[in-house]
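Biologist: Please take me through this structure feature by feature, giving the general idea before each particular case.

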Amino acid sequence: MAGITNAKFAMKLIPYGFDMVTLGGYNTDSKTIAAGREILNRGRSEFDIAEDNLINIIEKETKLIKSNYPVKVSANLRAISPDPIIEISKIKSLDVVEVNCHCRQKEILDIGCGQSMLEDIDFLIDFIKNIVKKSKSQISVKIRANVNDINTLKIAKILDSLSVDFLHVDAMKPRFNYADLDIISKIARHTNAFLIGNNSITSLEDVDAMITAGANGISIARAAISGKINFDLKQM
């Protein structure tokens with residue numbers, strides 16, 4: 001999640017029953033790094049790591065996690081071309097590269113990255129096809145649901161047809177403080193990739209509702225920002 005990328009933080013959450021943790025999101029090229037600096041300058045916590053150091057940083061953090069816990073590690077990555085994501089996928093200790101089609105900060109959108117990638121279907125298809133063809137790790141794509149003028153189910157079906165391993169869906173429901181479980185159900189019925197449901201999960205009841213809707217797994221971000229949560233997934 002924004003502002004927290006390191007293994008030390010991720011390892012605080014693993015004992016609550018998580019079997020995969022995600023580092024990042026990371027800005028992976030000159031344009032996303034420049035956008036990240038602009039976001040930082042206006043007071044938002046964002047990542048500002050020079051791309052020539054990024055592979056070493058991710059490798060170090062991933063190895064630290066794996067030396068302590070038998071979990072999968074993914075890295076959420078922002079990029080305007082597939083190339084840096086493909087390079088990062090070569091990190092042997094990294095299990096999953098996650099393409100960020102989710103971030104909605106203006107500076108990221110202005111360079112055609114993050115959520116704006118959902119607006120250009122042809123670009124998105126070529127982008128993901130390239131990664132699927134060349135990646136050395138599994139592939140996740142994180143999308144935001146219910147974006148204006150975007151058919152979330154259509155996007156999910158396209159990504160599934162491209163053989164991504166994980167669909168990570170922020171089931172945002174505009175103007176509501178709870179997840180859109182209907183869109184999770186629709187995606188679950190029409191795709192085969194491992195579906196990770198995200199949004200407004202703060203209790204085991206929320207976890208159960210997301211899984212009942214059809215998600216194969218769940219993710220938590222803001223609710224875990226303190227480094228702890230008030231429930232244990234091992235009780236499920």
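**Reading helices, burial and charge pairs**

Modeller: In helix H9, the buried residues are covered by elements that include helix H8 (181-190), strand E6 (194-198) and strand E7 (217-219), where a contact means heavy atoms within 4.5 Å. This is a predicted model, in which local features need pLDDT of at least 70 and side-chain atom pairs count only at pLDDT 80 or more, while totals for chains, interfaces and linings use all residues. Residues are numbered from 1 along each chain as its sequence is written, and side-chain values use heavy atoms, with hydrogens and water left out.

Biologist: Which residues of H9 are buried?

Modeller: Burial is read from relative accessible area: under 20% is buried, over 50% is exposed and anything in between is partly exposed (1.4 Å probe, protein chains only). In H9, which spans residues 204-213, the buried residues are Leu204, Val207, Met210 and Ala213. The helices (H or I, at least four residues) and strands (E, at least two) are DSSP runs numbered from the N terminus. Just after H9, Gly214 takes a positive phi of about 130°.

Biologist: How many of the 10 residues in helix H7 are buried?

Modeller: Helix H7, residues 152-161, is mostly covered, with seven of its 10 residues buried. They are Thr152, Leu153, Ile155, Ala156, Ile158, Leu159 and Asp160, and what covers them includes H6, E4, E5 and H8.

Biologist: How many salt bridges are there?

Modeller: Side chains of opposite charge can pair when their charged atoms come close. A salt bridge is taken here as a side-chain nitrogen of Lys or Arg within 4 Å of a carboxyl oxygen of Asp or Glu, and by this rule the count comes to seven.

Biologist: Where in the chain do Lys63 and Glu59 lie?

Modeller: An α-helix has 3.6 residues a turn, so residues three or four places apart point the same way. Lys63 and Glu59 both belong to helix H3 (residues 51-66), four residues apart, or about one turn of the helix, and their side chains meet in a salt bridge with an N to O distance of 3.6 Å. Lys63 counts as partly exposed because its relative accessible area is 49%, and Glu59, at 28%, is likewise partly exposed.

Biologist: Are Arg144 and Asp170 buried or exposed?

Modeller: Arg144 forms a salt bridge with Asp170, the closest N and O atoms lying 3.2 Å apart. This pair links distant parts of the chain, with Arg144 in strand E4 (residues 138-144) and Asp170 in strand E5 (residues 166-170), 26 residues apart. Arg144 counts as buried because its relative accessibility is 7%, and Asp170 is buried as well, at 5%. Another bridge joins Asp232 to Lys234, with the closest N and O atoms 3.1 Å apart; there Lys234 is exposed, its relative accessible area being 54%.

Biologist: Which residues is Leu109 in contact with, leaving aside neighbours within four places in sequence?

Modeller: With those sequence neighbours set aside, Leu109 is in contact with Cys103, Arg104, Gln115 and Ser116. Leu109 lies in helix H5 (residues 106-109) and is partly exposed, with a relative accessible area of 29%. The C-alpha atoms of Leu109 and Ala179, which are 70 residues apart along the chain, are separated by 23 Å.

Biologist: Where does Glu119 lie?

Modeller: Glu119 lies in the loop between H5 and helix H6 (121-134), and Glu119 counts as exposed because its relative accessibility is 58%.
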